[in-house]
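These notebook entries record what I looked up, in the order in which I looked it up.

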Amino acid sequence: PVVENNVVNEPAVEEPADEGGVQITDIEEGKFNVAFVMLSNHDDGGWSQAQYDGMVYLQENVEGVHTAYMELVAEGADSEQVFRALSRKGFDLIFGGSFGYMDSMEVVAADFPDIGYVHISGYKSNMTNFGNMFGEMEVMKYLAGMLAGSRARMDGADQVGIMATFPIPEEFRLTNAYALGVAETCPECKVDVRWIFTWHDPIVEREGADSLFDAGSHVVITGADTPAAALAAADREGVFGINYDWSGSCTIDACMTSPYWIWGPVFAEITEEAMAGTYEYGWHYYDASTGGLGLYGFMEGQEPQPGILDLPEEDVQLVRDTLAQMLAGEFTRF
């Protein structure tokens, strides 16, 4: 199915496929048409759901915009087919929501110079109509590391873990940031890493989390999509997980916190500039002061999770103070 303005529309069987068997939603005449291409399902409880929420924010807050998305689009050749089909339909701006879409978007952008393409998390740009955007999530992973280290030290443990997805710049950056945070509150702690080579696979993620706990990690954070870290922790005594990506992913007591994305304001800003013809397609890397990032349990209106409540006050205050600097634009990750 395809979705327009958050309403599922099953493709009509009698209509021919637009491209290689893929049905692509139509644009809405008189509107600025924005498409989102997602790796997993839009309600996956993680990465894609955070993007979906951002799309909804865009639709509700920017006048003259029509949004649509396609989900479960595989990286590689399949994604090129989808980006090309959306372009032929006449979408004005297309967001690609996974690292592995990068090369496909670069190729298609060269063939459609009047359409804007924004790749989330990559590092390529043609400086004209194809660029990438991401945020300094490493600062939130740094704070999560502080909490993990504090929890481990308080409980007499000396090891924490992280599930990393693929050995790409993004994951090295986030993993290192987590380790630096751990060192702030538990200098003696070791950080065990498991490379799981997937963005979204509940079985593989759960196996990775179990492996880290079995090897002695007291707190496990994930770089992937599902809440496997917290779910694995919930089946054990006295250990904790830290989830990722979506604000709604930290719902059980075994989840200490979750660094998460708030894509809506950033999508809106990019779209408004693209509509005005002023958006610069290059390397768009936003910081926490934009409101595009969060740490669950520490943002306005949120309560800390049970795993935070009995931590040393000086550690929790360090997290609060550092987060306040980040949100005020007074913290540099360098």
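**Entry 1. Strand pairing**

I began with valine 118, whose bridge partner in S7 is glycine 131. The model is a predicted one, in which local features need pLDDT of at least 70 and side-chain atom pairs count only at pLDDT 80 or more, while totals for chains, interfaces and linings use all residues. Residues are numbered from 1 along each chain as its sequence is written, and side-chain values use heavy atoms, with hydrogens and water left out.

Strands (E, at least two residues) and helices (H or I, at least four) are taken as DSSP runs and numbered from the N terminus. Two strands are paired if DSSP finds at least two bridges between them. S6 and S7 run parallel and are joined by four bridges.

I then followed S7 to its other pairing. Four bridges join S7 to strand S13 (residues 283-286), and these two strands also run parallel. Here asparagine 132 has tryptophan 283 of S13 as its bridge partner.

On the S6 side I looked up S5, which is joined to S6 by four bridges in a parallel arrangement. Phenylalanine 95 stands opposite valine 118 in S6. Strand S3 (residues 32-37) is in turn joined to S5 by four bridges, again parallel, and phenylalanine 36 has phenylalanine 95 in S5 as its bridge partner.

**Entry 2. Burial of the strands**

I asked how many residues of S7 are buried. Buried means under 20% relative accessible area, exposed means over 50%, and partly exposed lies in between (1.4 Å probe, protein chains only). Six of the six residues of S7 are buried, so S7 is largely enclosed by the rest of the structure. Phe130, Asn132 and Phe134 cover one side and Gly131, Met133 and Gly135 the other, all of them buried.

For strand S5 (residues 93-96) I found both faces covered as well: Leu93 and Phe95 are buried on one side, Ile94 and Gly96 on the other.

**Entry 3. Nonpolar cores**

I next looked up the nonpolar cores, each a set of buried Ala, Val, Leu, Ile, Met, Phe, Trp, Tyr and Cys residues joined through side-chain atoms within 4.5 Å. In soluble globular proteins, nonpolar side chains tend to be buried together. The largest core has 67 residues, of which Phe36, Leu93, Met133, Met140, Trp261 and Trp263 touch the most other members. Helix H4 (residues 137-154) supplies the largest share of this core, 10 residues. A second, separate core of 25 residues includes Ala68, Met102, Phe112 and Trp199.

I listed the contacts (heavy atoms within 4.5 Å) of methionine 133. Not counting residues up to four places away in sequence, methionine 133 touches residues including Val118, Ile120, Trp263, Phe267, His284 and Tyr286.

**Entry 4. Valine 65**

Valine 65 lies in strand S4 (residues 65-70). It counts as buried because its relative accessibility is 2%. With neighbours within four places in sequence left aside, its contacts are Lys31, Phe32, Val34, Leu58, Gln59, Thr271 and Met275.

**Entry 5. Salt bridges**

- Glutamate 28 pairs with lysine 31, with 3.0 Å between the closest N and O atoms. Both are partly exposed: glutamate 28 at 29%, lysine 31 at 34%.
- Arginine 84 pairs with glutamate 80 at 3.1 Å between the closest N and O atoms. Both lie in helix H2 (residues 77-89), four residues apart, about one turn of the helix. Arginine 84 is buried at 13%, whereas glutamate 80 is partly exposed at 26%.
- Arginine 320 meets glutamate 313 at 3.0 Å, N to O. Arginine 320 is partly exposed at 35%, as is glutamate 313 at 45%.

I also noted one network, in which salt bridges that share partners join Arg206, Asp210, Asp214, Asp235 and Arg236.

**Entry 6. Loop**

Lastly I looked up tyrosine 123, which lies in the loop between strand S6 (116-120) and strand S7 (130-135). Its relative accessibility is 46%, so it counts as partly exposed.

Terms used. Salt bridge = Lys/Arg side-chain N within 4 Å of Asp/Glu carboxyl O.
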